[in-house]
Amino acid sequence: MSRKRSRYLFYIPLLLMAAFYLIPMYVMLATGFKAFDEVNLKTMWNLPSGIHFDNFIAAYEKLAPHLWNSLNVVIPAAIISSILGSLNGYVLAKWKFRGADTIFPLILFGMFIPYQSILIPLVEFMNRIGLYGSLPGLVLTHVVYGIPITTLTFRNYYASIPKELVEAARIDGAGMMQIYRSILLPISLPSFVVVLIWQFTQAWNDFLFAVVLTGSSNWPITVALNNMAGSQIIAWNVQMAGSLIAALPTLLVYIFLGRYFLRGLMAGSLKG
Amino acid sequence: MMRYRKEKWQSFLLVLPSILAIAVFVYGFIAWTMRVSTSAWKGLLPDYTWVGLKNYIDLFSDQRFMVDIRNTLIFTVVFMVGCLVVGFFNAYLLDQGLRGENFFRSLFLFPMAISYIVTGVVWRWLMNPALGSRLSGLNLLFDKLGLDFLINKWHTTPGWGIAFIAIPAIWQMSGYTMALYLAGLRAIPDELREAARVDGASEIQIYRHIIFPLLRPVTLSAMVILGHMSLKVFDLILAVAGKQLSLDVPAIYMWQTTFDGYFFGRGGAISILLLLSVAVLIIPYLIYTLKSEPEI
Amino acid sequence: MKSKKLAMSVLALLVVFSILLTACGQAAPAPATEAPAAPQTEAPAATEAPAAKKQVEVFSWWTGGGEAAGLDAMIVVFNKKYPDIEFINAAVAGGAGTNARSVLATRLQAGDPPDSWQGHAGQELIGTYVKANQLEPLNFLFEQEGWLKVMPETLIPLISANGNIYSVPVNIHRANVLWYNPAILEANKIAVPTTIDEWFKAMDALKAAGVETPLALGEQWTVMHLFETVLLGTLGPEKYNALWDGTLAWNDAEVTKALDNFKKILEYTNSDAASLTWQDAAQLVVNGDAAFNVMGDWAEGYFKELKKAPRTEFGWAPVPGTAGTFQFLSDSFVLPVGAKNRDAAIAWLTVCGSKEGQDAFNPVKGSIPARSDADKTLYDEYLQSAMDDWAKDIVVGSLTHGVVANDSWKTEINDALGIFLTDKDTAKFQAALQTACESSGPCSK
């Protein structure tokens, strides 16, 4: 009885935490609807005087062409690196060749390099293989730097699958790829969801690689968004509206797929 | 047996593309950076004159770099502890099986979806440290709510400003630790708790002796992820506070010295030191996890 | 059967990602449907048909606001004059061009320079690109177009090295402007200060009258901006110039005095400076929260956007001690050695230096033309006053905006300034400034 009532007390901290997470969103929304001369640090908590959709329209017009570029980069990058991660994870968990236990940490280490420090060799390399300035070059970069985390995720997931399952299949005469296809892949969906969401978000939000690797005609949305703020005088209201537009796809992914993300985590994927 | 050997080869070939890619994109580029870090390169054109460890030695008498190290340490500690505590707290709340769990879970998770390019400006406003008649941001909110004791100078607090920069970072990443902990809590069988309760253990004792120890691997892996993020923190600080020494970190120094000042040698040295510190953090962890897992 | 499978796998493994993708495509349930689509959608971007038209790719950091609008106006002029050349606008934003310059640096490393790029006229270009032999001298263009006659004599040496001119200045901004709130000064019966000592007195009086922030300040680059104007105000133009050409040492007693002034001035500034952009800081003045702000004259464009009236809601004067001196900065364009489209690049530069081009760009951007023969009626009240000063004042260069010091020197000064802001130790600051000049500037040990 008292246990039940005390459960309602949990809503107090929950709502407080919710406020903490929502405050920045409130400011963005409120500012996004304000007129330029209404934007003032002192009155940032005030609601806008009216609903000015023109900020959103103005921002959308500038960002729209780049939305498509982003999708063209992010979707293939997320899918390819997930598939590679899955294959790597499968091999490194179940088909350890000699040196596999050395290779794995070496691959993993790639996750930790500070990307700012490798920009120059990266540009040189891309230039040499003829992918500099193009979207495929950016896709390749995201794929490669995504391999460590996807490999880690899948390897840990596959490692938790009993080896008897694989051995039984081998005794039945199944080959390596066959076992992957018929046994591991069907149960990999939770991990795929986690990794796809993760990679999608990473690549979508990337600015650094995008700005140095692509030319003006194929800039992704983060570069375009940053360029909106590129004047000496920044229209914060339009900027905030643009920020919301740029964040929308990843936000939607998290809102609608968040539960699968969590389920994937619970299936042991990101547990290290 | 024949088939077995063939499949070992096959398995190696399967990961070969990834290995090659990583070899170039990670180790090749690191090697290049190392070479630059031992050169006298300053200015736009490459200058590979060998200077040995001079760039490294100079850094350790460089006052700015000393500030960076201190800032990174403070940031890392606050960020990690903050994410773990807030994340666990949220997971604990959500683990109660309350109505609306889905909603709150999405809410706690969503900041992960947004980049600092998007939220940086908002945080800059929220953490505006002006006092007196120009009170704004969160300070103004505290004032209106009668929470005046919370009003502070945020990231302009002398000496400790960097600790406040961790707040937006915690805002963004605590959803991740929440998810990990929630997954961890849900994985703990109810029977364990029930058994402990039957034995007369208090809730606090249950957490201390049963749940926390079981969550330790989760905490450890979260710490590694968060730790390397905090060593590399870069765009958050630029977005919230711009480039200024009091909030400087190695990644920003590296960027500024290389691309604003063309000190490529020094920039390379900072990169390598950053990498080394990341390695110090994660190599023991990798060894630990690889050793502790059962043979597959 | 088995060998077939092996062949398939080996094929899959040996070649690139896309083939790998299709090989497992049948197996992967969820991604399979989308995966094959990926390379197809990329294809058009990769094989964009090269236009038969001549092109000129111009790199700048003008991506928004008045700058972008001004650039667009200049592109219209360009297209009219050279309809057969396609203009490719490769603008990248980033605080005072930092992101843009990193992108440019990586492009130059990769041997893929744009046909022309923006740079602050002066040492920022000379110390970096001229030193690396990346730029062609433009004397021929200046002579051919008669620009030497219409640009101020004192400007030319500041944008030249060894007698060669390396960039075409499009616009001029003034750095040493003191913006003030006329109402606050009036209410406290304070005249606009003309010397640094008067400035101190004025700010003391304001503080005594309860004005919390006599001088508004923003993030670190705005502090450097203030620093250079105080240097100029204390030393005067000749000695200020002497600091940059190495004839006056940084450990000179006069510099000590300037640093003391600077330290004292910082005491009148807002404590939250580090968290404010230049816009936030300038806004304090027009909102009545601060009396003064030192900022370049792009602030005027911002005040206008805030719908504030000149003279009544904001006033301007040279920074105390700098009357008669015009501390300038200029956006300019260059001709790289080995430009892919050299003729087209020269065509662009011709527009940049032309009266028509400058009069198209500057009224929109809110700056004055580098030429002294521009059509004054196109410009607003403040800009007209700046044009008068530009024509008659002594011209000196800005540090923060790349005129007087090369990038390496500037970052070293910036580091020293950052440390000074935390410990306020002028002696150490001065020593660090001397060291910076020795390691990256013209001072010899």
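## A nonpolar patch on chain A

Which residues form a nonpolar patch on the surface, and how much accessible area do they have together? In this predicted model, the patch is made up of Leu248(A), Leu252(A), Ile255(A), Phe256(A), Leu257(A) and Tyr260(A).

Let's look at one member, Tyr260(A). Its place is in helix α12 of chain A, which covers residues 236–266. Tyr260(A) has a relative accessibility of 38%. That value falls between the 20% limit for buried and the 50% limit for exposed, so Tyr260(A) counts as partly exposed.

## Helix α3 of chain A

How many of the 41 residues of α3(A) are buried? The count is 30, so this helix is largely enclosed by the rest of the structure.

## Chain B as a whole

Now for chain B, which has 12 helices and zero strands. Its C-alpha atoms fill a box of roughly 80 × 70 × 30 Å along the principal axes.

Chain B has 296 residues, and 60% of them count as buried. Among its contacts with a separation of 6 or more, 67% are between residues 24 or more positions apart. The accessible surface of chain B is about 11800 Å², and carbon and sulfur atoms account for 69% of that surface.

Terms used. Residues are numbered from 1 along each chain as its sequence is written. Chains are lettered from A and ligands numbered from 1 in the order in which they are written. This is a predicted model: local features need pLDDT of at least 70, side-chain atom pairs count only at pLDDT 80 or more; totals for chains, interfaces and linings use all residues. Side-chain values use heavy atoms; hydrogens and water are left out. Patches are made of residues with over 30% relative accessible area and no salt bridge: like charges are joined within 9 Å, nonpolar side chains (Val, Leu, Ile, Met, Phe, Trp, Tyr) within 5 Å. Accessible areas come from the Shrake-Rupley method with a 1.4 Å probe; for residues, only the protein chains shown count as cover. A salt bridge is a side-chain nitrogen of Lys or Arg within 4 Å of a carboxyl oxygen of Asp or Glu. Helices (H or I, at least four residues) and strands (E, at least two) are DSSP runs, numbered from the N terminus. Buried means under 20% relative accessible area, exposed over 50%, partly exposed in between (1.4 Å probe, protein chains only). Contact means heavy atoms within 4.5 Å.
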